[in-house]
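Opening the notebook on this one. I'll jot down what I looked up, one entry at a time.

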Amino acid sequence: MGERVGGRLIERYTKGKPRFQEKLEIIKFICKEFWTETFRKQCDNLRTNRRGVFVLQDLNFRLLANMSSTADIDAKEAA
């Protein structure tokens, strides 16, 4: 999406809400509210290494769904 668009969406969705105090609050907001509002579904998985690195996983990410994978290219070449 881009940093500018994402920043504007976050500002819009958090307008009128109290300021987040911890990283975990921010991540929960992104996973539950922001992701649902933006992509019409919750993210599939959230992982952390417990050292401040969070990974959100969406197994059916709409914006990348139409892109080909290496397997698709190999299948087309074999045909």
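**Helix α1**

I looked at α1 first: residues 3-14 make a helix of 12 residues, and it reaches 16 Å from first C-alpha to last, close to the 16 Å expected at 1.5 Å a residue. Helices here are DSSP runs (H or I, at least four residues), numbered from the N terminus, and the expected span is 1.5 Å times one less than the number of residues.

A note on the source: this is a predicted model, where local features need pLDDT of at least 70, side-chain atom pairs count only at pLDDT 80 or more, and totals for chains, interfaces and linings use all residues. Residues are numbered from 1 along each chain as its sequence is written, and side-chain values use heavy atoms, without hydrogens and water.

**Which residues of α1 are buried?**

I found Gly6, Leu9 and Thr14. Buried means under 20% relative accessible area, exposed over 50%, partly exposed in between (1.4 Å probe, protein chains only). They cover an arc of only 120° around the axis, which puts them on the same side of α1; the arc is taken from the directions from the helix axis to the C-beta atoms. Arg4, Arg8, Glu11 and Arg12 are exposed on the other side. The buried residues of α1 pack against α2 (23-39), with contact meaning heavy atoms within 4.5 Å.

**Aromatic pair in α2**

I noted Trp35 and Phe39 as a tilted aromatic pair, 4.7 Å centre to centre with 50° between the planes. The rule: ring centres (six-membered ring for Trp) within 6.5 Å; planes under 30 degrees apart are stacked, over 60 edge-to-face, the rest tilted. Trp35 and Phe39 are 4 residues apart in α2, so about one helical turn separates them. Trp35 is buried at 13% relative accessible area, and Phe39 is buried at 8%.

Conventions:
Helix = DSSP H or I, 4+ residues; strand = E, 2+ residues; numbered from the N terminus.
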